[in-house]
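Please keep the sequence and the 3D view at hand while reading.

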Amino acid sequence: MIDSKVTLAGVELKNPIVVPSGTFGFGREYGQFFDLSELGAICVKGLTPQPREGNPSPRIAETPMGILNSVGLQNPGVDAFIAGELPELRKHDVKIIANISGNTPEEYGGMCEKLSAAGVDMIEVNISCPNVKAGGLAYGTRPELAAEVTEIAKKNSTVPVMVKLSPNVTDITEIARAVEEAGADAISLINTIRGMRIDVNTRRPILKMNTGGLSGPAVLPVAVRMVWETANAVKIPILGMGGVSKGTDAAELMLAGAAAVAVGTASFADVYAPVRVRDELFALAERQGLAHISALTGAAQPW
């Protein structure tokens, strides 16, 4: 039997399969199909200081090899999550990662303080949000903005802080180094790639917000490349994600440098995808004679 345990930012996961924010809700629906304890970690739906209704519909659209979404961070707010959702999640033997989004550094700091006290295992900071103090620029597009919110999160958190990087930048390593230097315990990538589709008959964008985030199998090669570049630029661990739908996809991201891997959009087509990917990944590792699944991390041999 292969040793399936991995460590992410000092937190031991029973296996390297995580479900990423925005694709798994708070786990209630998927818990009807399989035991959530089968997973390494659950990263919950993105939380904001106050409840949000999200963007108007249509806000999800299929594309070849993926989906576009512009949900707009619909969520009940951090306080409602702590009171109503976290106790239910705690009934399962799985690590809980809280994903947070804010418009000011102070909002991030306040949520980190509350969630740390509530006992989540890790906090994932989404820096794809606009900084209202910087004229609406997303934190993840400028190294100094990314560093600023990372520092605030670390200052107010008593649990490990992982920063989720946006791929919509010129040089992903520049942002990665900035958050590492600011104290991040881990990095997750990639977030969705900005895209757009237009209905040729109505001549209107398919999404009400015009553009949205592309996820699914189409983005896997971009994710592998960015994980590879980031792993060669920083020393902190990486949670790799983007287009994983098979065990070989997960293995690619680990070989590129990821310590753990998230399975997201694939769950919309197959609710058992995270567990299936886990089993396929283990089978691949066993065929290759590995004693520990973690031996895959960073093991790619470039030409």
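The count of salt bridges comes to 14, where a salt bridge is a side-chain nitrogen of Lys or Arg within 4 Å of a carboxyl oxygen of Asp or Glu. Side chains of opposite charge can pair when their charged atoms come close. The model is predicted: local features need pLDDT of at least 70 and side-chain atom pairs count only at pLDDT 80 or more, while totals for chains, interfaces and linings use all residues. Residues are numbered from 1 along each chain as its sequence is written, and side-chain values use heavy atoms, with hydrogens and water left out.

- Arg 278 and Glu 38 form a salt bridge, with 2.6 Å between their closest N and O atoms.
- Arg 278 belongs to helix H8 (residues 273-287), while Glu 38 sits in the loop between strand E3 (17-19) and strand E4 (41-43), so this pair ties together parts that are 240 residues apart in sequence.
- Helices (H or I, at least four residues) and strands (E, at least two) are DSSP runs, numbered from the N terminus.
- Arg 278 is buried at 12% relative accessibility, and Glu 38 is partly exposed at 32%.
- Buried means under 20% relative accessible area, exposed means over 50%, and partly exposed is in between (1.4 Å probe, protein chains only).

**Salt bridges within helices**

- In helix H5 (residues 220-231), Glu 229 and Arg 225 are 4 residues apart, which means a separation of about one helical turn.
- The side chains of Glu 229 and Arg 225 meet in a salt bridge with an N to O distance of 3.1 Å.
- Glu 229 is partly exposed at 28% relative accessibility, and Arg 225 is partly exposed at 39%.
- Arg 276 and Glu 280 are 4 residues apart in helix H8, so about one helical turn separates them.
- Arg 276 has a relative accessibility of 29% and counts as partly exposed; Glu 280, with 31%, is partly exposed.

**Around Phe 81**

- Phe 81 is part of helix H1 (residues 78-89) and is buried, with 0% relative accessibility.
- Leaving aside neighbours within four places in sequence, the contacts of Phe 81 (heavy atoms within 4.5 Å) include Phe 26, Val 44, Leu 47, Leu 115 and Val 120.
- Phe 81 and Gly 242 are 161 residues apart along the chain, and their C-alpha atoms are separated by 26 Å.

**The chain as a whole**

- The chain has 8 helices and 16 strands.
- Its radius of gyration is 18 Å, close to the 19 Å that the globule rule gives for 303 residues, so the chain is as compact as a globular protein of that length.
- The radius of gyration is taken over C-alpha atoms, and the globule rule is 2.2 Å times the number of residues to the power 0.38.
- The C-alpha trace spans about 50 × 50 × 45 Å along its principal axes.
- Of the 303 residues in the chain, 53% are buried.
- Among contacts between residues at least 6 apart in sequence, 69% join residues at least 24 apart.
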